[in-house]
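Colleague: I'd like to learn how to read a protein model one feature at a time. Could you take me through one?

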Amino acid sequence: MATIGDVAREAGVSVSTVSYVLSGKRSISGPTRERVERAVDALGYRPHAGARALASSRSNVLALMVPFRPGINVQIIMQFVGGVVTTARQHDHDVLVLTQDDPSGIPRVAASSTADALIVMDIESDDARLPGLRALDMPAILIGVPDDTTGLSCVDLDFTAAGRLAVRELARAGHTHLALIGASQDRLDHRANYAVRMRQGVREQAAASGVALVEVPCEPTFADGARTVGALLREHPEVTGLVVHNEAALGGILARVHNDGLRVPQDLSVIAVSPSDIAAALPVPVSTIEVPGHRIGRIAVEMAMARLAGDDLAETRLVAPTFTDRSSIAAAPAPPAPSEDDPGQPTSV
């Protein structure tokens, strides 16, 4: 295995010059740099990770805090993780995954010097980790947007805009009675930012469009999706349009609707706020407002790299929602005509 001394001899320079070329800590003339780089390539030299870290004060590692708590949808989380990992490798960084969300873990990671930057998922509106994140000397990027973003760099789907878009699409098709099947009550109680912002957008647009709205929380399971939509349609048979912001419950919702003799979209129109591949793979393809987890993970890494390169600007990037029509929305069904036994309200003359 080639050593830094071998590279120096091949290039005809000192070991310190090779070190400076590799670390970038000192300006080296173009011809000399080229000789060193050619020698590195010819010998297949790879600097030892520990020595490289000492020389550059960098670990070439990003820490990613991922909340693998009970009830979490691992399939969705892994889309964000995949975006982080693949983009980090493009920047010659590995990823250290931390599965706890204890606020004390943040200063511990920073003090250990095991990572160059920190990416934190599943941010709550008033997250207990925010003071520690603001106090860090290392760059920190949040996947999620708290109420107060002062001094923080954040990225996420614009869930408020996504909620508005879903209601607009259903209202445009003539639906006047809608329901939001959203995140679990636990996530709402903890004010998970995605759940709170989605609900806010749906409420705002329902009021603006003059449509009636019912909101029901749902556990992220097939079984609770079936139970929730069954109870919803029994209690509110007037509902003709669903906004579903609960990917794990989607299958159960559609199965129960089918078992109850309802057709999508003829009897019930459905929009899912979900990764597009999950919605497209269901027995009844569902129109979606995409949650682009891989893209958001990529943006988070790019923001971290910019901070490491010296860009100290704290910013919030909201990814605009996009709607994909998979024919699960139809014009609102007409109300049933009055029967002879129930002629409806008499008209005044």
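Modeller: Let's begin with a term: a salt bridge is a side-chain nitrogen of Lys or Arg within 4 Å of a carboxyl oxygen of Asp or Glu. Arginine 203 and glutamate 215 form one, with their closest N and O atoms 2.6 Å apart. The pair links distant parts of the chain, 12 residues apart: arginine 203 sits in helix H10 and glutamate 215 in strand S7 (residues 212-216). Helices (H or I, at least four residues) and strands (E, at least two) are DSSP runs, numbered from the N terminus.

Colleague: Before we go on, what am I looking at?

Modeller: This is a predicted model, so local features need pLDDT of at least 70 and side-chain atom pairs count only at pLDDT 80 or more, while totals for chains, interfaces and linings use all residues. Residues are numbered from 1 along each chain as its sequence is written, and side-chain values use heavy atoms, with hydrogens and water left out.

Colleague: How many salt bridges does the structure hold?

Modeller: The general idea is that side chains of opposite charge can pair when their charged atoms come close. Here there are 17 salt bridges. One of them joins arginine 134 to aspartate 148, at 3.7 Å from N to O. Arginine 134 lies in helix H7 and aspartate 148 in the loop between strand S4 (140-143) and strand S5 (153-157), so this pair ties together parts that are 14 residues apart in sequence.

Colleague: Which residue forms a salt bridge with arginine 164?

Modeller: Glutamate 204 does, with the closest N and O atoms 2.8 Å apart. Again the pair links distant parts of the chain: glutamate 204 is in helix H10 (residues 193-209) and arginine 164 in helix H8 (residues 159-172), 40 residues apart. There's also a network of salt bridges, which links Asp122, Glu124, Asp186 and Arg187.

Colleague: Is glutamate 204 buried, partly exposed or exposed?

Modeller: Check the relative accessible area: under 20% is buried, over 50% is exposed, and anything in between is partly exposed (1.4 Å probe, protein chains only). Glutamate 204 has 33%, so it counts as partly exposed. Arginine 164 is partly exposed too, at 29%. As for the pair we began with, arginine 203 has 42% and glutamate 215 has 31%.

Colleague: Where is arginine 129, and what does its side chain reach?

Modeller: Arginine 129 is in the loop between strand S3 (117-121) and helix H7 (130-134). At a relative accessible area of 5%, arginine 129 is buried. Its side chain reaches the backbone oxygen of methionine 121 at 3.4 Å.

Colleague: Which residues make the nonpolar surface patch?

Modeller: Such a patch takes nonpolar side chains (Val, Leu, Ile, Met, Phe, Trp, Tyr) joined within 5 Å, from residues with over 30% relative accessible area and no salt bridge. Here Phe68, Val74, Met78 and Val97 make one of about 320 Å², with areas from the Shrake-Rupley method and a 1.4 Å probe. Valine 97 belongs to strand S2 (residues 94-98) and is partly exposed, at 40% relative accessibility.

Colleague: What is the phi of aspartate 122?

Modeller: Near 60°, a positive value in a residue other than glycine. Aspartate 122 lies in the loop between S3 and H7 and is buried, with a relative accessible area of 11%. Serine 327 also has a positive phi, near 65°. Serine 327 is in the segment after strand S12 (323-324) and is exposed, at 54%.

How values were computed: Polar contact = N/O pair within 3.5 Å; in protein donor to acceptor, adjacent residues only side chain to side chain. Patch = residues over 30% accessible without salt bridge, like charges linked within 9 Å, V, L, I, M, F, W, Y side chains within 5 Å.
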